[in-house]
Structure formats: C-alpha cells, structure tokens
Amino acid sequence: MVKHIYVIRHCEAEGQSPDASLTEQGFLQAEVLAEFFADKKIDRIITSPFLRAMQTIEPLSKRGNITVEIDERLSERILSSSDLLDWYEKLRATFTDMELKFEGGESSNEAMERIVNAVEEIFKSESEHIIIVSHGNIITLLLKNYHNDVDFQFWTQLRNPDVFRLSIKDHEMTLERIWE
C-alpha cells in the first residue's frame, strides 16, 4: 500500500500573523488549488490553525465535502517572540546551526520535531491520501527531515501556494514537487 501526504504551503496572504487573511489573489489561488485536487482521492485534510492556511483549503474541503481538522503542530515556526530587524539573516543561521534559538523562539530542530511528529502520526493512520496545509519555514524543516539536501536556499524558492507529495511505500519515502 502506498500512502501520500500532500504538503501545501498556504496561498498568498496579507501578512505573517496568525489571523492574517489571504489576499484577493490568494483567494483566487485557493480556487485553482481546489481545481488541481479535483481528480485526486483525498481522505483527510489537516491544517494549521492560522487563518491563511484554513482559507487556502476551504474551497477544496467544501467541494469534496471533507471535514478540515486543525493541528497546532502545523503552525508556523516561531523564530523569536520579539521583532528581529535582521530576521532573514537570523533565519539563514538557523539552517546552519539547527540548535540556534532566539528569545521566545524555537530552534530548527525543535520545530522540525514538532511537525515530523504530526506527519509520522498521519502516516500511521488508516488514511491513504492526506492533505496538510502549513507554512514555508516549518514545511522546509519537514522536508529537510526526509531529504537532507533541503536547506535555506530551498526555503527562498518556495511559492505561495506550493505543493509537495510525500509518498511512502515499503518504508521508502519519496518527495516530489507537484505544483507548477
């Protein structure tokens, strides 16, 4: 049996706060995303509690009449509890030193462990075709766990939205980007 987890980065949003909504373009992207998945079998949808993630998957959940589950572990990684003017450089540094941690934030290893635990639970479930909706930094860390060549540069090339498929068969994991 092959299991697939479709990992979706949310559509274009108005900001980074948990309550930031999708932009007008983001709502259009969510409709295109729903169309993209229209011919794919989906058993479950699990999303970050952030508004932009929930809005990203709403058209698909309505179209497929699939209940959306919320999992806090899919929330975006917290780099720091304070505003960092040089956040970009600090984020880059956390991909070199996976234990590096800023005030009130998570190290890359801590954030990775959080989302990997969620995904491993999902893989162990009975469902075979699952969508998770999350955020760029935490998704990059998830994919890095399975493919060590995923790095900061990979993060810089993510799009809104973006879609990856993690597949497992006979304990072998494959990863591919399926959104063009």
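Biologist: Which backbone oxygen lies 3.2 Å from a polar atom of the side chain of K144?

Modeller: A polar contact is a pair of N or O atoms within 3.5 Å; within protein, one must be able to donate a hydrogen and the other to accept it, and residues adjacent in sequence count only if both atoms are side-chain atoms. Here the backbone oxygen is that of V150. The K144 side chain also reaches the backbone oxygen of N148, at 3.5 Å. This is a predicted model, where local features need pLDDT of at least 70, side-chain atom pairs count only at pLDDT 80 or more, and totals for chains, interfaces and linings use all residues. Residues are numbered from 1 along each chain as its sequence is written, and side-chain values use heavy atoms, with hydrogens and water left out.

Biologist: Is K144 buried or exposed?

Modeller: Buried means under 20% relative accessible area, exposed over 50%, partly exposed in between (1.4 Å probe, protein chains only). K144 has 12% relative accessibility, so K144 counts as buried.

Biologist: Which residues is K144 in contact with, leaving aside neighbours within four places in sequence?

Modeller: Contact means heavy atoms within 4.5 Å. For K144 the list is F95, M98, M112 and V150.

Biologist: Where does T23 lie?

Modeller: Helices (H or I, at least four residues) and strands (E, at least two) are DSSP runs, numbered from the N terminus. T23 is in the loop between strand 1 (3-9) and helix 1 (24-36).

Biologist: What does the side chain of T23 join in a polar contact of 2.7 Å?

Modeller: The partner is the side chain of E12. A polar atom of the T23 side chain also lies 2.9 Å from the backbone nitrogen of G26.
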